[in-house]
Amino acid sequence: MTATIIAEDFAGMRTQGLGLAETAGWEAHFCPVLARPFWSNFSSRFWLRPLSCIEPIALPPHTNVLIGVGGTGGIIGRALARKYHLPIVQIQNPRRQFKRFDVIIANPHDGIMGGNILISRNALHPVTPQKLEGARQQWHSHLRRDHRPLLAVMIGGANGRFTLGPREAAHLADTIIAYTQHHNMQTIVTPSRRTGADVITVLREHLTPHGIRLETGEGDANPYMGMLACADMIAVTTDSVSMISEAVATPAPIMILPLPGRSQRIGQFIAALEKDDRIRPFSIEHTSWTVRPLDDTPDIAREMRRRLKL
């Protein structure tokens, strides 16, 4: 089985589509949606002939199913599904008639219901126990340098709803330093693709003198999975549903680092996880607490396949 993922080229969208396909046991390909210059000035909901508004997408041979992610991914994915007579799975609220999609996978904070809608408590992702174990073996000696517990900190970035610039980075650094010193931990920080270069510079300047490492890297040198696998506690900035979802799939307690701004949907997502005591606000008072990994991705993938009869 081959699934082709249709979405704008954002890390969170790519991750959700690949996570669903991989968990379903399908070969996965990603085809980014690139708007033509004129149409890039308009929201995709105004594209009356969607496929004429984007650069051509050539589906990989033997594509059996399409996975659209996000509003634009859903619009283009649905158009391609009609053109090639393929089933279409939509991740996130498509903001279109639900009956146009074979399966829709949403989160509780999307506030939608229907016969073809599956609800996942977390954003879909490719983090599995097997991948965590492999990353633990690969990264343990590099990340854990002494006997102290390890705090892994995942930094996102500004996204239109939350702000993260040099001023906010300095405040985050002070907060991380205070927690690290108070609890006598070894701490490692890693930025995401959305983290600005000026933010990384401020974090490095503030954290390095206190023995807190800032790790970056691409491909096999990216420490992200190793940090998820090896950490005793994890902190994630509040802007990223994807990173929070990947973090709660581990056995580690999760704390949320606040950023200036507001998102009703992300606020509802965080509140639901807080209610289950799977995550807590970042506070110097919090020590480790007992948690269990939370990940609905396998159940969602299994039910999706059943409904599609694939």
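The structure is a predicted model, in which local features need pLDDT of at least 70 and side-chain atom pairs count only at pLDDT 80 or more, while totals for chains, interfaces and linings use all residues. Residues are numbered from 1 along each chain as its sequence is written, and side-chain values use heavy atoms, with hydrogens and water left out.

Strand β1 (residues 2-7) runs parallel to β3 and is joined to it by 4 bridges; strands count as paired if DSSP finds at least two bridges between them. Within this pairing, I5 has I67 as its bridge partner. β3 is also joined by 4 bridges to the parallel strand β4, residues 88-91, where V89 stands opposite I67. Helix α2 (residues 70-84) carries the chain from β3 to β4 in a right-handed β-α-β crossover, that is, clockwise from the first strand over the helix to the second with the strands pointing away from the viewer.

Further along comes an open sheet of 6 strands with parallel pairing, in the order β9-β8-β7-β10-β11-β12. β9 (213-214) and β12 (279-281) stand at the edges with a single partner strand each, so one side of each lacks a neighbour in the sheet. Between β7 (residues 150-155) and β8 (residues 186-191) there are 6 bridges, and L150 is partnered with Q186.

Key: Helices (H or I, at least four residues) and strands (E, at least two) are DSSP runs, numbered from the N terminus.
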